[in-house]
Amino acid sequence: MQKALETLLIGLSTGSIYALMSLALVLVWRSTRVVNFAQAGQAMFSTYIGFEIASRSQIFWLGLIFAIVAGAVLGAGVDYFFMRVLFKHANSGPAAVVAPVIATLGLLGLIRSIVGLTWGGEFRAIEAPASKDGYTFGEITIPFSPLNTLIIVTVAIILIILAILFQRTNLGLALRASAYAPEIAQLAGIRTARTRTIGWAIAGGVGGVAGMLVTSYNFLTPYSLDLLLVFGFIAAVIGGLESMAGAVVGALVLGVGLTIILNYVGTSLVFIGGFAVLLLVLLIKPDGIMARGKVRRG
Amino acid sequence: MTSEQVLSIRNLSVNFGGLKALSNVDINLHKGEVLGLIGPNGAGKTTVFNALSGLVTPASGSLELYGRNVKWPKPYQLVDRGISRTLQGVGLFPDLTVSENVMLGASKFAKTGFIQSALGFSGKDEEALKSRSQSTLERLYVGGVAERKAETLSYPDTKRVSIARALVSEPQILLLDEPAGGLGAQDIEWLNGLIRHLRSSTSIIIVEHHMDVVMSVCDRIYVLNFGEIIASGDPETVKNDKNVIEAYLGTHSKARK
């Protein structure tokens with residue numbers, strides 16, 4: 001019983017970070033119809049900025065804020081200076097489908113090289129904002145730590161802010177409408193090019209938080225967020241790629257699922273488990289577990 | 001009727017690849033006027049709307065709005081220029097509530113910028129837009145469904161909501177694309193009344209297949225066939241025009257989709 005509870009809590013903590021990455025991918029997918037592989041690079045760059053600030057100021061949260069801002073600026077920049085131009089030039093035929101995705105892979109490589117040249121490839125650590133030692137109850141120490149709690153709380157706050165932004169503000173309404181049918185949104189007076197850039201900025205900021213949180217209990221290298229991208233992507237697919245709520249649910253399911261495998265089956269099967277889930281979902285329910293069986297725009 | 005022109009299209013031509021969708025079309029709309037745009041399927045009626053709303057790029061032609069020469073607007077500039085358009089097949093966002101659908105059309109009244117809105121400083125705006133949407137919905141007798149998702153509405157109600165979204169920006173020019181399509185006799189009667197009532201505040205161009213509607217509400221009618229205007233004038237003149245009768249009755253074999 002105790003082990004089951006531990007597994008659930010650790011799974012939620014892990015899954016909540018996946019949720020942020022998954023959300024970042026879904027936000028870009030909804031607005032641009034691109035699977036953004038560069039998201040790992042964007043998050044990594046933002047985390048390096050956050051790491052610089054956090055290690056100089058010794059304040060993790062200041063680093064987190066800078067990571068959000070850096071992520072948002074970079075995300076907006078990628079859309080404005082890169083995607084917009086790309087869509088202008090490759091706007092029809094197979095090129096229009098393939099070019100943006102390949103371009104995000106190229107961008108990932110580019111960001112990685114720039115980060116490598118600037119910060120080098122060695123392992124960096126950010127001092128965690130809370131203890132990584134598990135809570136102790138009498139004689140028993142569980143693996144779930146104050147840091148895990150803090151991660152869950154931080155993610156919950158970010159999700160609440162996003163939910164309010166999307167559900168309760170004009171901007172959120174414009175973002176939802178532009179994602180669903182840009183042409184109709186434009187006719188209603190919405191500048192969809194601008195809302196798209198804002199979508200990329202929000203995704204970038206959210207990715208920055210994910211990077212900082214992962215790094216707080218891990219380490220940072222130009223490659224350290226690749227796995228986060230993979231699991232974020234799997235979570236997004238489980239949630240159906242379209243839905244933000246789906247992205248979060250998918251990530252929590254994945255986080256708990258992988259922790260069950262880790263705790264009850266074996267470490268070596270975690271990766272296989274993740275990919276098996278991805279393939280199963282794609283084969284059985286390609287629209288994701290949240291799909292209501294209707295087709296949105298093509 | 002005043003003769004003040006609010007919209008004037010000169011020599012509009014649109015090509016789709018090698019196909020001439022519109023050639024040298026001239027259309028004038030006066031203040032408070034209700035203009036009908038009719039013609040067989042594929043005549044180019046909706047293409048006129050698409051050119052006006054930036055969804056297709058004209059090969060040639062000029063546009064005058066409120067007496068001034070302007071560039072053809074981009075889709076998102078339409079509302080700012082005082083033009084609203086409804087779409088054939090409604091064009092609502094099924095996942096959004098009715099109220100949200102209409103609020104989208106009112107976004108030009110929002111005062112806060114994107115950044116402030118993102119930071120949550122736009123509460124007043126949202127309230128103002130919401131009450132604006134609500135009163136527009138009530139004008140169209142669909143105030144009671146404001147909080148329902150658009151996908152749950154009956155077809156006639158979705159038509160009313162899409163007109164509400166067009167009206168909420170208080171347009172000077174309203175483009176209605178087949179507003180009567182798919183409606184029953186009672187709803188069509190209501191629509192006729194609405195259009196007659198709206199002309200006091202806005203000038204209207206209607207693309208419509210329902211001849212009853214066109215003949216009863218329009219002051220003037222332009223008839224398009226194969227991308228050219230073959231006749232224009234008041235309903236009576238147009239009804240008896242030889243070219244028009246031929247286009248509608250005699251060219252079934254030539255008519256293209």
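1. Conventions. Residues are numbered from 1 along each chain as its sequence is written, while chains are lettered from A and ligands numbered from 1 in the order in which they are written. Because the model is predicted, local features need pLDDT of at least 70 and side-chain atom pairs count only at pLDDT 80 or more, whereas totals for chains, interfaces and linings use all residues.

2. Chain A as a whole. The secondary structure of chain A comes to eleven helices and two strands, where helices (H or I, at least four residues) and strands (E, at least two) are DSSP runs numbered from the N terminus. Read from the N terminus, the order of these elements is α-α-α-α-β-β-α-α-α-α-α-α-α. The radius of gyration of chain A is 19 Å, which agrees with the value near 19 Å for a compact globule of 298 residues; this radius is taken over C-alpha atoms, and the globule rule is 2.2 Å times the number of residues to the power 0.38. The C-alpha trace of chain A spans about 65 × 45 × 35 Å along its principal axes.

3. Burial in chain A and its helix H2. Of the 298 residues of chain A, 50% count as buried, a residue being buried if 20 or more other C-beta atoms lie within 10 Å of its own, exposed if 12 or fewer, and partly exposed in between, with C-beta atoms placed from the backbone. In helix H2 (residues 38-57) of chain A, 16 of the 20 residues are buried, so this helix is largely enclosed by the rest of the structure. Gln58(A), which follows H2(A), has a positive phi, near 60 degrees.

4. Chain B as a whole. Chain B holds nine helices and ten strands. Its radius of gyration is 19 Å, close to the 18 Å that the globule rule gives for 257 residues, so chain B is as compact as a globular protein of that length. Buried residues make up 42% of the 257 residues in chain B.

5. The sheet of chain B. Six strands form an open sheet with mixed pairing, in the order S6-S7-S8-S3-S9-S10 (chain B); two strands pair if DSSP finds at least two bridges between them. Strands S6 (83-85) and S10 (228-233) of chain B stand at the edges with a single partner strand each, so one side of each is left without a neighbour in the sheet. Within the sheet, S3 (residues 34-38) and S8 (residues 203-207) of chain B pair in the parallel sense over four bridges, and Gly36(B) stands opposite Ile206(B) in S8(B).

6. The helix on that sheet. Helix H1 (residues 45-52) of chain B packs on the sheet, touching S3, S6, S7 (173-177), S8 and S9 (220-225) of chain B. Seven of the eight residues of H1(B) are buried, so this helix is largely enclosed by the rest of the structure; among them are Val48(B), Phe49(B) and Leu52(B). Gly54(B), which follows H1(B), has a positive phi, near 75 degrees.

7. Where the chains meet. In all, 29 residues of chain B are in contact with 22 residues of chain A, contact meaning that the C-beta atoms of two residues, placed from the backbone, lie within 7 Å. Helices H2 (98-105), H3 (114-118) and H4 (123-139) of chain B are the elements that give two or more residues to the side of chain B that touches chain A, and H2(B) gives the most, with four residues.

Technical notes: Axes fitted to C-alpha atoms, helices over the stretch in contact; angles between N-to-C directions.
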